[in-house]
Amino acid sequence: MAGAAAELDVMAITDHDTTGGWAAAAAARPAGMRLVRGAELSCRWHGVQPGISLHLLAYLFDPDDPALTASMLALRTDREQRAERIVELLRADGVPITWDEVFEYAAGGSVGRPHIAQALIRAGLVTSTDEAFASAWLGARYSVPKSDLDVFDAVAAVRAAGGVTVFAHPRATKRGRVVPDELIVELADAGLFGLEADHEDHSPAEREEIRALAGRLGLVVTGSSDFHGTHKTVRLGAFQTAPEVYDKIVAAATGVPVLG
């Protein structure tokens, strides 16, 4: 297992909008490794127009919670329809990829732009996922709007399902617009548990800003390699979470236990 090779003793599985990989991850878990089960939820803040999309990491929630399960199903359905439309647009311009290929890259998980990026890399049209996500490709030219959960509804749903929430890469300006600190203050009041500081899309200055904000709000600070497969440049385990923060997350969650 890649996590064992990276000498990790704790790993989290947080696929986009799905718990579909939990069973396989549990089966593959080597002896001595603890597994934190979760998901990365596609959310949006509607405080400005157009709204700003953001990702919410949800850890250790009950996967059978009806409301959260229904929300994630709706997100996955929309993601798949969006991906199919993007492939249609690409093929209309003569790009040699197919829906079957993209669907296969998802390996039964939630289909999204990273899998289209893999097809573009295979076709020799781009050299990396970052290039595929640039404006010439999936970032603008072949962009299709997507549905997202209202971020406040998502925080409430995860809490109701016994989970804890961490705002993923909140200062990643290279990805587009980021939310103001005022929203993070409001999310903290609504039950947000932490902020992801150490991420490859954060500059050193941005990481310090996040730590300072988290300190003022009483939120935990996590790291994340945000590893989505070998087609991305990030290394598994590149940014890790402090043991004491891990302990706080586990203590606060009541949905499912850590495996191991």
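Asp17 lies in the loop that runs between β1 and α2 (22-28). The model is a predicted one, and the values below were computed from it. Phi of Asp17 is near 60°, which is a positive value in a residue other than glycine. The relative accessibility of Asp17 is 0%, so this residue counts as buried. A second case is Leu60, found in the loop between β3 and α3. Its phi is likewise positive, near 60°, and Leu60 is a residue other than glycine. Leu60 counts as buried because its relative accessibility is 1%, and the cut-off for this class is under 20%. Most residues other than glycine have a negative phi, and most peptide bonds are trans. The peptide bond between Gln49 and Pro50 is cis, with omega at about -5°. Pro50 belongs to the loop between β2 and β3.

Arg44 is located in strand β2. A polar atom of the Arg44 side chain lies 2.8 Å from the backbone oxygen of Gly51. When neighbours within four places in sequence are left aside, Arg44 is in contact with Gly51, Ile52, Ser53 and Leu54, and also with Lys146, Asp148, Leu149, Asp150 and Val151.

Strand β2 (34-45) also contributes to the lining of the second largest pocket, as do β3 (52-59), α3 (66-92), α5 (113-122) and α6 (129-132); these are the elements that give two or more residues to that lining. The volume of this pocket is about 1200 Å³. Its lining consists of 43 residues, and those nearest the centre of the pocket are Ser53, His55, Arg113, Phe133 and Arg175. By residue class, the lining comprises 17 nonpolar, 12 polar and 14 charged residues.

Thr127 is placed in the loop between α5 and α6. With a relative accessible area of 68%, Thr127 is exposed, since the cut-off for this class is over 50%. The side chain of Thr127 makes a polar contact of 2.8 Å with the side chain of Glu131. Thr127 and Ala12 are 115 residues apart along the chain, and 28 Å separates their C-alpha atoms.

Arg211 is part of helix α9 (residues 204-217). Its relative accessible area is 32%, so Arg211 is classed as partly exposed. Apart from neighbours within four places in sequence, the residues in contact with Arg211 are Ala197, Asp198 and Val221. Between Arg211 and Ala106 there are 105 residues of separation in sequence, and a C-alpha to C-alpha distance of 34 Å in space.

Helix α10 (residues 243-252) contains the buried residues Val245, Tyr246 and Ile249. These residues lie on the same side of α10 because they cover an arc of only 105° around the axis. Among the elements that cover the buried residues of α10 are β1 (10-13), β2, β3, β5 (164-167) and β7 (220-223). On the face of α10 turned away from the buried side, the exposed residues are Pro243 and Ala251.

Technical notes:
Residues numbered from 1 in each chain as written. Predicted model: local features only at pLDDT ≥ 70, side-chain atom pairs only at ≥ 80, totals over all residues. Heavy atoms only, no water. 1 Å grid on protein atoms, 1.4 Å probe; cavity = no way out; pocket = protein on both sides within 12 Å on 5 of 7 lines; lining within 4 Å. Points joined across faces, edges and corners; volume = space filled by probe spheres on them. Helix = DSSP H or I, 4+ residues; strand = E, 2+ residues; numbered from the N terminus. Nonpolar A, V, L, I, M, F, W, Y, C, P; charged D, E, K, R; others polar. Buried < 20%, exposed > 50% of the residue type's maximum accessible area, 1.4 Å probe, protein only. Arc of directions from axis to C-beta. Contact = heavy atoms within 4.5 Å. Polar contact = N/O pair within 3.5 Å; in protein donor to acceptor, adjacent residues only side chain to side chain.
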